[in-house]
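Subject: Structure handover

Hello,

Please find the structure below, followed by notes on what was found in it.

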Amino acid sequence: MDGKTRKYLSQMGRKGGLKSRRKLTPDQARKMVLVRDARRAYRKYHSQCFWSYDPELKIGLNDVKWVGEQLMKHGGRDTWLIGAKLCR
């Protein structure tokens, strides 16, 4: 890679890094992780625990506890543990 290309890529990477940085409080970060984990669990265990719901249902912060309860109620031990983490 020549120096001109390297310089260009370096500048573009720096701009992207500066633009995408967020300022999150610890509470906001925890909530964001909970929603991400609930969405992941909903997709992974849809056929086992959420078969009567739309597969494309958008899970939000208000749905995290519901997802956890459904996992604990309708799943096995593995899903129960995931649900327990979501319901904390």
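M1, Y8, L9 and M12 make a nonpolar surface patch of about 460 Å². A patch here is made of residues with over 30% relative accessible area and no salt bridge; nonpolar side chains (Val, Leu, Ile, Met, Phe, Trp, Tyr) are joined within 5 Å, and like charges within 9 Å. Accessible areas come from the Shrake-Rupley method with a 1.4 Å probe, and for residues only the protein chains shown count as cover. Helices (H or I, at least four residues) and strands (E, at least two) are DSSP runs, numbered from the N terminus. Y8 counts as partly exposed because its relative accessibility is 48%; buried means under 20% relative accessible area, exposed over 50%, and partly exposed in between (1.4 Å probe, protein chains only).

Before the rest, a note on the source. This is a predicted model, in which local features need pLDDT of at least 70 and side-chain atom pairs count only at pLDDT 80 or more, while totals for chains, interfaces and linings use all residues. Residues are numbered from 1 along each chain as its sequence is written, and side-chain values use heavy atoms, with hydrogens and water left out.

The largest nonpolar core has 12 residues: V35, A38, A41, Y42, Y45, C49, F50, I59, V64, V67, L71 and L86. Two elements, helix 2 (26-44) and helix 4 (64-74), each give two or more residues to this core. Helix 2 provides the largest share, four residues. A nonpolar core is a set of buried Ala, Val, Leu, Ile, Met, Phe, Trp, Tyr and Cys residues joined through side-chain atoms within 4.5 Å. In soluble globular proteins, nonpolar side chains tend to be buried together.

Which residues does Y42 touch, not counting those up to four places away in sequence? They are F50, Y53, D54, P55, L57, I59 and W66, where contact means heavy atoms within 4.5 Å.

Last, the charged pairs. Three salt bridges are counted, a salt bridge being a side-chain nitrogen of Lys or Arg within 4 Å of a carboxyl oxygen of Asp or Glu. One joins K31 and D27, whose closest N and O atoms are 3.3 Å apart. Both residues lie in helix 2, four residues apart, about one turn of the helix. K31 is partly exposed at 37% relative accessibility, and D27 is partly exposed at 38%.

R36, D37 and R40 are linked in a network of salt bridges. D37 meets R36 at 3.7 Å, N to O, and D37 meets R40 at 3.7 Å, N to O. D37 and R40 are separated by about one helical turn because they are three residues apart in helix 2. D37 counts as partly exposed at 27% relative accessibility, as do R36 at 44% and R40 at 46%.

Regards
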